[in-house]
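Good morning, and thank you for coming. I would like to take you through some disulfides and two further residues, with the structure on the screen.

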Amino acid sequence: MIVLATVICAILGMCGANPAGPGGIPDDDITAPTGCCDWPSCYDERTQLCLDTCLMTWSQCPRKLFLMSCYSEYMSPFGALPVQCYPDAGPHLEEAESLGLSGSPKEVREQLHQLLNIKNCHGRTGICRPNERGNN
């Protein structure tokens with residue numbers, strides 16, 4: 001009896017059929033992202049590393065793996081990866097908003113890096129140290 005059910009199931013192609021979309025959520029209910037894990041891993045052009053969007057970590061990209069740019073509008077049904085999903089920008093979102101930074105995730109990240117990565121370099125030794133936030 002089990003063998004017959006398995007054969008019928010295989011012929012009809014209905015074994016484990018799920019009318020819902022990815023993750024068991026019906027396609028009609030997918031209207032807004034629930035978090036950074038709704039985007040796949042991607043290639044971060046700024047760091048030239050692969051970004052795991054769920055873990056919010058960078059790592060070396062596997063050799064023969066092609067990943068879409070994190071800035072691509074075709075990354076997911078929700079578009080490009082939002083700025084809060086980048087490990088280098090997420091912790092500074094409140095500061096970015098208070099400074100009035102706006103634009104695409106790429107533009108906001110660039111502006112944040114220009115503002116936060118200012119260094120004082122010694123002319124003779126060439127040793128650079130980060131500026132203290134109050135000394136800008």
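A residue is called buried here when its relative accessible area is under 20%. Cys36 has a value of 17%, so Cys36 counts as buried. Please bear in mind that this is a predicted model.

The structure contains five disulfides, and I shall discuss three of them. Cys36 pairs with Cys85, with 2.0 Å between the sulfur atoms. The S-S torsion of Cys36 and Cys85 is about -90°, so this disulfide is left-handed. Cys36 sits in the loop between α1 and β1 and Cys85 in the loop between β3 and α2, so the bond ties together parts 49 residues apart in sequence. Cys85 is also buried, at 1%.

Cys37 is partly exposed at 49%, and Cys54 is partly exposed at 43%.

Cys50 belongs to strand β2, and Cys61 to the loop between β3 and α2. Cys50 is buried at 7%, whereas Cys61 is partly exposed at 29%.

Let me turn to Tyr86, in the loop between β3 and α2. Is Tyr86 buried or exposed? Its relative accessible area is 0%, so Tyr86 is buried. Its contacts include Asp44, Cys70, Tyr71 and Arg109. Arg109, in helix α3, is likewise buried at 0%. Among the residues that Arg109 touches are Asp44, Trp58, Tyr71 and Asp88.

Key: Residues numbered from 1 in each chain as written. Predicted model: local features only at pLDDT ≥ 70, side-chain atom pairs only at ≥ 80, totals over all residues. Heavy atoms only, no water. Helix = DSSP H or I, 4+ residues; strand = E, 2+ residues; numbered from the N terminus. Buried < 20%, exposed > 50% of the residue type's maximum accessible area, 1.4 Å probe, protein only. Contact = heavy atoms within 4.5 Å. Disulfide = S-S within 2.5 Å. Lists of a residue's contacts leave out its neighbours within four places in sequence.
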